[in-house]
Amino acid sequence: MEETKEIERIPVPTRILTEKDDIVDAIEHYTKGKIGPDDLICFAESVVAITQGRYVRPEELAISGVAQYCCRFIPDYGSLASPHGMQSLMDVAGKWRVVFALAAGFLGKLIGKSGLFYKWGGEQAALIDDVTGTMPPFDKCIVYGPDEPDEVALRVRERLGCFGAMIADVNDLKRSRVVGVTEGTDGALAAKLLLDNPFGNASQKTPICILKHYRQYQEKQA
């Protein structure tokens, strides 16, 4: 009988990654000798997006009056609570789509349904990180969600030969969500293991986290 091994989380430090880096090459470099065939490699969605050049500086945005008004309806802790955060969403999702989603979200709450704004406001509504939301020097930028996250995760798994790969959006508010994940990986289960945010977006510079022996853990939980 195969020995059941306890799951272990290993944060992996890196240098600051930029749009000049290939995220798969970077993950392979910094996890060399640390990954096994039963492991799940997790990495922060903001860093993936940065390596894809998916960010904008606030001063590059033309802030509309609609964005200045709409951002008032977002809780202060949200990335869309600032005029430039809201404008960045409107630029990619469409101004009137965002306005409609906000109205739908407000009406939904009146009848006990939450999350309609993020459902109808476009995928970037939940993924945009406002300034200070990621590691320096990109804490001065608004960072969008990554492009083709499932494909990125697949490339990582194939390169590293591990059980699975997952791009996660985790913050210090005990929120953890799957952005991209390889087939056969229970992303929701893995996301719970990241709730206390082992990723470090400040001086820690640990945008990668290895979940050792995750395959066995997933099979045990099934």
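In what sense do S1 and S7 pair, and over how many bridges? They pair in the antiparallel sense, over five bridges. Two strands count as paired if DSSP finds at least two bridges between them, and the strands themselves (E, at least two residues), like the helices (H or I, at least four), are DSSP runs numbered from the N terminus.

Before going on, a word about what you are looking at. This is a predicted model, in which local features need pLDDT of at least 70 and side-chain atom pairs count only at pLDDT 80 or more, while totals for chains, interfaces and linings use all residues. Residues are numbered from 1 along each chain as its sequence is written, and side-chain values use heavy atoms, with hydrogens and water left out.

Now let us step back to the whole sheet. It is open, has five strands in the order S1-S7-S2-S5-S6, and its pairing is mixed. Strand S1 (8-12) and strand S6 (175-181) stand at the edges with a single partner strand each, so one side of each has no neighbour in the sheet. On average, neighbouring strands are turned by 30° against each other, direction ignored; such angles are taken between axes, lines fitted to C-alpha atoms (for helices over the stretch in contact), and run from 0 to 180 degrees between N-to-C directions.

S2 runs parallel to S5, joined by five bridges, and pairs with S7 in the antiparallel sense over four. Cys42 shows both links: its bridge partner in S5 is Met166, and its partner in S7 is Cys209. In a regular strand the side chains alternate between the two faces of the sheet. Here, Leu40, Cys42 and Ala44 point one way from S2, while Ile41 and Phe43 point the other way. Five of the five residues of S2 are buried, so the strand is largely enclosed by the rest of the structure. Buried means under 20% relative accessible area, exposed over 50%, and partly exposed in between (1.4 Å probe, protein chains only).

Some of these residues return in the largest nonpolar core. A nonpolar core is a set of buried Ala, Val, Leu, Ile, Met, Phe, Trp, Tyr and Cys residues joined through side-chain atoms within 4.5 Å. Of the 37 residues in this one, Ile41, Phe43, Leu194 and Leu211 touch the most other members. Apart from it lies another core, of 19 residues, among them Cys71, Ala93, Val98 and Ala101.

Ala93 and Val98 also lead us to a pair of helices. H4 (residues 83-93) and H5 (residues 95-110) pack at an angle of about 115°, their axes 7 Å apart. From H4, Met86, Leu89, Met90 and Ala93 meet Lys95, Arg97, Val98, Val99 and Leu102 of H5, where contact means heavy atoms within 4.5 Å.

Finally, look for the rings. The structure holds six aromatic pairs. Rings of Phe, Tyr and Trp (its six-membered ring) pair if their centres lie within 6.5 Å; planes under 30 degrees apart count as stacked, over 60 as edge-to-face and the rest as tilted. Phe117 and Tyr118 are edge-to-face, 5.0 Å centre to centre with 70° between the planes. Phe117 is buried at 6% relative accessibility, whereas Tyr118 is partly exposed at 41%. Elsewhere, Phe163, Tyr214 and Tyr217 form one aromatic cluster.
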